[in-house]
Structure formats: structure tokens, C-alpha cells
Amino acid sequence: MRRPALTVRRPALTVRRPALTGRRLALTGVAATGTALAGALVLVGCGGSAASGAELSVGASYMPQPVSADMAAGFLTITNKGGTKDELTSVTSDSAGDITMHETNGGAMEEVRSFEVPAHGQLVFKSGGNHLMFEKLKHRPEQGDTITLKLKFAESGPLTVEMPVKSATYNPSTGH
Amino acid sequence: MRKKTFAAAALLAAATLTLSACGSGDDAKSPVAVVAGDNSNKAATILDQPFEKPDLVLTDTQGKKYDLRAETKGRPTLVYFGYTHCPDVCPLTMNNLAVAKKALSKADQAKLRVVFVTTDPARDTPSELGKWLKGIDSSFVGLTGDFATIQAGARTLGISIEPTHKDKKTGKVVSVHGTQVVAFSPKTDGGYVLYGEDATVDDYTKDLPKLIKGENP
């Protein structure tokens, strides 16, 4: 069936983004859902690590092939299966002179010193939202390359991430 | 519409957290649900009251005067406001358009105008802008000039941008980009379709042939 084209009135300024709200809601959700789940997990028995500190792992990492070596973005998801929150405090790489963490706020990106990795939750860097910003790259990363990153945390030990360079238009939800 | 997106994002967040709390979350796939959960599964938003093309006279990447209305009259034209020190959304948006454009016939490619207007004219000089766009698609037009002029032009399209400024906390330079690509019809020169930053290569590939003709995607 053919859907009629969506017609709407001229929208008001739409610079503020759902992505940000989504993230904030996500964090708020952790607190609320976390409390609720703590109880649920005991009953269901799929937790079991509640008091043993943060348990961090990294997935879904990629860098879209950048326009130049001056600047690139990187994305990843840090999952914490543990019952204690942690904090991502720095990201470094031999491939880039400078890597900073940013949140996107109404079309403006703002540097953030650290990001919380909530207990039983995730810290998500994704296009349009939080991102890693690479500057002064030694070479322009090309599709197929791998960038090695070191993530440091307030509590947990550092994690090494092999971040693949994907096409400039890579979309993680479709995988191409 | 926006409320729906918020709601969908909230639901997704709840769903994701629920999953990950039990250690079975598949984070790579979760963002899809936001889009699919929103009942507008088309990337394009068609306006019942098109925008007038902004009366922008700026400087192109050759350093020459460029009158947007005169240069793009009767041409299918896509306009985006961004800046080159933007690592994420600006290059992604322009690359999405570049890749989608390559799927058009040569004749259609020749008709299409893609105009990138900088929101950070102090750093984006004509040559900086030219260098950056060359890395994406050398046929794209890059415009720079007086910030107040650019801001006023963006505002007529419902796009609000702020001047580049130093962040009070970090002392770092912060620039702002628009979040929409506006498509102007070759028939009316009106801006009649909007794309948000979630629009993908596939969305543009599907819609460009219609936009070239001034039809609704």
C-alpha cells in the first residue's frame, strides 16, 4: 500500500535535538530503572554481580572515513554489566595528537571532561550525539584501517579498543 | 512529531537498559528502533507552506560573489548550513548527498546544486571551504561571508545558528551547525522538503530523482 506523503505545517526551529533528550532520558532512566531492576534481577537471577564493581566492555566501535587528517569522529558503546558506575576519563591513541570527548547540544558540540558509565547500563557514543573527536591525526584514516585507542576510567583498569575505519557514510544500523 | 521522537527515544532507552541489565543487550542494533518506532518512516518532511529561497549573496570557494537566488534559479537545489571543523554530522550529511548523487544519471547530476553554507565563516575561508568540499564532492558549492547575513538567511528557513564562540568552561571553540537539509524545487524555487540528520544515503538515493523534477518524494 502506498503511504500518502507526510505533510506537516512548517515546523518551528528544530535545532535542539531528540538525540540529546534521548541520552538524558537514558541516564535518568538508569537511575529509575536501575533501582527497579535491582529488585527484579535478584528475583530473576540473571544478575549476580551487583556488588562486584563495574564490569566494562566496549562494542560497536567505528570511525567514519574523515575528509582530512585534521579532524575525525569516532563512535563506540561502553557496556557496564557491573553494579557500580564508573567514569570514562580519557581516550588516547598513537594515531592522533588529540582526542576529546563531546556531547552534542542543539547543533553545538561541547567538550566534556568525563562521561559516566552507569551501573547496569551503557555509555553510547553515536552519530548525532556523543562523539569522540580526533584531531591532528598522523595520516588521514582510510576505510579498512584500524585505529588503536586506550580508554581510561576513574575506577576500572584501561581498555584497549581496535576501532575500524568504515566508509564516510557508514550507518551502524544498516551495517553499510 | 518531535514529541513522538522523544517518546520513542525514552522507550528505547528503557528497552535498552532493561536488556543490558540482564547482560543481553545488543547495542549495535538498538538505534534502529528509534527510527522504526517513530511512525514517520520517511526521511523527507514535505512542507505545505514552502520556504522562500533566502536572498543570500555570499562568497564561493573561488572567492567570487555568489548570489544564491540567481545562481540556483530553476535548479533543483539542496542547502545545508554547517562548518568544516565539525567531525560528525556535517561531513556525514555532505557525504550522504555525495554518494546519493553518484547514483543519478549524468544529466540529473548536472542539474543538481548542492550548497554548503558555513556557519563558521571566520575559520571557513573560501580556500578552507574549497579544500574540505573537494574531499567530498568537488561539484558542491561552498559559501562563506558575513556571519550576520548567513544567520539571517538560515533563520528564514527555520534554522537557528549561533556565532562561533569560546566555551566558558573549557575555553574551546564551539561552532553550531544546522540540522536540516532543505530541498528547493526547480519548478517553484521554493524550499518544499526537509531532511533531518537521520536521513541516510539510501533515503537520498531514493528521493533525489524526484527532487530533481520538483516532485514530492
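Predicted model: local features only at pLDDT ≥ 70, side-chain atom pairs only at ≥ 80, totals over all residues.
1. In β3(A), which residue is the bridge partner of A:Gly59? The partner is A:Thr77.

2. Residues are numbered from 1 along each chain as its sequence is written, with chains lettered from A and ligands numbered from 1 in the order in which they are written.

3. Strand β3 (residues 71–80) of chain A has 10 of 10 residues buried, so the rest of the structure largely encloses it. Buried means 20 or more other C-beta atoms within 10 Å of the residue's own, with C-beta atoms placed from the backbone. Both faces are covered. One side includes A:Phe75 and A:Thr77; the other includes A:Leu76 and A:Ile78.

4. β3(A) pairs antiparallel with β2 (residues 56–64) over five bridges. Pairing requires at least two DSSP bridges between the strands. Six residues separate β2(A) and β3(A) in a hairpin. Four bridges tie β3(A) to β8 (residues 121–124), also antiparallel; there A:Thr77 partners A:Val124.

5. In chain B, α8(B) kinks by about 40° at B:Asp207, shortly before B:Pro209. The bend is the angle between axes fitted to the seven residues ending at a residue and the seven starting there. B:Asp207 is buried, as are B:Tyr204 and B:Leu208, among others. Just after the helix, B:Gly214 takes a positive phi of about 75°.

Terms used
Helix = DSSP H or I, 4+ residues; strand = E, 2+ residues; numbered from the N terminus. Buried ≥ 20, exposed ≤ 12 C-beta atoms within 10 Å, placed from the backbone.
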